[in-house]
Amino acid sequence: MAEIGFLGMGIMGKAMAVNLLRHGFKLTVWNRTLSRCDELVKHGASVKETPAAVIKKCKYTIGMLSDPAAALSVVFDKDGVLEQMCSGKGYIDMSTVDADTSSKICEAITSKDGYFLEAPVSGSKKPAEDGQLVILAAGEKALYEEALPAFDVMGKKSFFLGQIGNGAKMKLVVNMIMGSMMNAFSEGLILADKSGLDPHTLLDVLDLGGIANPMFRMKGPTMIQENYSTAFPLKHQQKDMRLALALGDENAVSMPVAAAANEAFKKARSMGLGDLDFSAVYETVKIAKDSS
Ligand SMILES: NC(=O)C1=CN([C@@H]2O[C@H](COP(=O)(O)OP(=O)(O)OC[C@H]3O[C@@H](n4cnc5c(N)ncnc54)[C@H](OP(=O)(O)O)[C@@H]3O)[C@@H](O)[C@H]2O)C=CC1
Ligand SMILES: O=CC(=O)O
């Protein structure tokens, strides 16, 4: 089995890489903060000191980075992906970015005769650990097919959505809905509490009805306990709202609900909650309640 490169050992990258190693894939990994690769070595990964060195060694390489700036930096900066990209090699960016960022990366990779695929994922830390992600790929079909054995380990379902940008857009639409739902859910929890109802009973009622969903089921109990242990960092959810709103701008789609949700996530960031789980947006609603 050919060795796969993996750039970015954050919450998601690490979970996805460990899962691949557990299933017998050989990986060479890199992370900006190199010490974060130590745990991967214990699971059998090799480490290189630059993205370029990973690309040189591997037939194809996956990137899982925080945001557009990070995704671009890893490709274009000194010792980056582009330096060793050449014919026969592939790069798969699984970060959540906008279609423009993905197109810039695609153009640069293909100008070096390399293959490019964008493949953002739906699903958080636990689905990444369990290989239960939903993969939203677009771009070079041949690279998609080459990576399918790895996608089948990382995810429960992979979609090939056609031309570059479609995977990025699909991911932003999904996360725009998720961020808006999280805000409505937070308001509901407070409204129940303020009206003299038990929020736990609200969770039971929700779970039996037409709007039952895994997010309410998983996040509800921890939010009531004010436990925001990070699975999906709030700063990344706000980035996704911002990028989704920009997509709305481009297409003249009015999104007042998403715009309000974005404001709540911005407020949470200004309160220093950006590194907590995105469910910590609940704190912005609680403040209003506590001060009344
Ligand atoms: N967590 C989740 O539930 C999900 C996240 N996503 C998306 O996946 C991506 C990764 O998320 P997640 O793992 O949670 O994020 P983390 O914040 O845990 O990790 C971010 C990674 O990006 C690296 N990074 C940040 N800035 C730079 C830079 N300028 N140059 C090089 N590397 C950089 C970090 O390196 P360092 O360690 O050095 O800081 C780290 O490896 C994001 O786009 C996110 O929106 C998608 C689905 C679910
Ligand atoms: O991007 C986050 C997720 O849970 O999906």
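Student: In this predicted model, how many nonpolar, polar and charged residues make up the shell around ligand 2?

Tutor: The residues around ligand 2 are Ser 122, Gly 123, Ser 124, Lys 171, Asn 175, Met 178 and Phe 232. Gly is counted among the polar residues here, whereas Met and Phe count as nonpolar and Lys as charged. By class, the shell therefore holds two nonpolar, four polar and one charged residues.

Student: Which side chains place an N or O atom 2.8 Å from an oxygen atom of ligand 2?

Tutor: A polar contact here is a pair of N or O atoms within 3.5 Å. Gly 123 makes such a contact through a backbone N or O atom, 2.9 Å from an oxygen atom of ligand 2. At 2.8 Å from an oxygen atom of ligand 2 there is an N or O atom in the side chain of Lys 171, and another in the side chain of Asn 175.

Student: Which helix gives the most to the shell around ligand 2?

Tutor: The shell draws at least three residues from each of domain 1 (4-164) and domain 2 (169-291). Three residues of the shell come from a helix that spans residues 166-194. That helix is H9.

Student: What is the distance between an oxygen atom of ligand 1 and an N or O atom in the side chain of Lys 239?

Tutor: Ligand 1 is surrounded by 28 residues, and Lys 239 is among the closest, with Asn 31, Thr 33, Arg 36 and Ser 124. A polar side-chain atom of Arg 32 lies 2.9 Å from an oxygen atom of ligand 1, and a polar backbone atom of Ala 231 lies 2.8 Å from a nitrogen atom of the ligand. For the side chain of Lys 239, the distance is 2.7 Å.

Student: What percentage of the area that ligand 1 exposes when taken alone does the protein bury?

Tutor: Taken alone, ligand 1 exposes 900 Å². Of that area, the protein buries 89%.

Student: Which element supplies the largest share of the shell around ligand 1?

Tutor: Two or more residues of this shell come from each of helix H1 (11-22), helix H4 (68-76) and helix H12 (234-250). The shell also draws at least three residues from each of domain 1 (4-164) and domain 2 (169-291). The largest share, three residues, comes from H4.

Student: What percentage of residues 165-283 is strand?

Tutor: The unreviewed UniProt entry lists these residues as "domain: 3-hydroxyisobutyrate dehydrogenase-like NAD-binding". The entry also places "domain: 6-phosphogluconate dehydrogenase NADP-binding" at residues 3-162, where the chain is 44% helix and 23% strand. Over residues 165-283 the chain is 70% helix, and the strand content is 0%.

Student: What is the radius of gyration of the protein, and why is the protein described as being as compact as a globular protein of its length?

Tutor: The protein has 14 helices and nine strands. For 292 residues the globule rule gives 19 Å, and the value for the protein is close to this, so it is as compact as a globular protein of that length. The radius of gyration is 20 Å.

Conventions:
Residues numbered from 1 in each chain as written. Chains lettered and ligands numbered in written order. Predicted model: local features only at pLDDT ≥ 70, side-chain atom pairs only at ≥ 80, totals over all residues. Heavy atoms only, no water. UniProt positions renumbered as here; feature names shortened; annotations may be inferred. Helix = DSSP H or I, 4+ residues; strand = E, 2+ residues; numbered from the N terminus. Near = heavy atom within 4 Å. Polar contact = N/O pair within 3.5 Å; in protein donor to acceptor, adjacent residues only side chain to side chain. Areas by Shrake-Rupley, 256 points an atom, 1.4 Å probe, with all protein chains shown as cover. Domains from an automatic or database assignment. Rg over C-alpha atoms; globule rule 2.2 N^0.38 Å.
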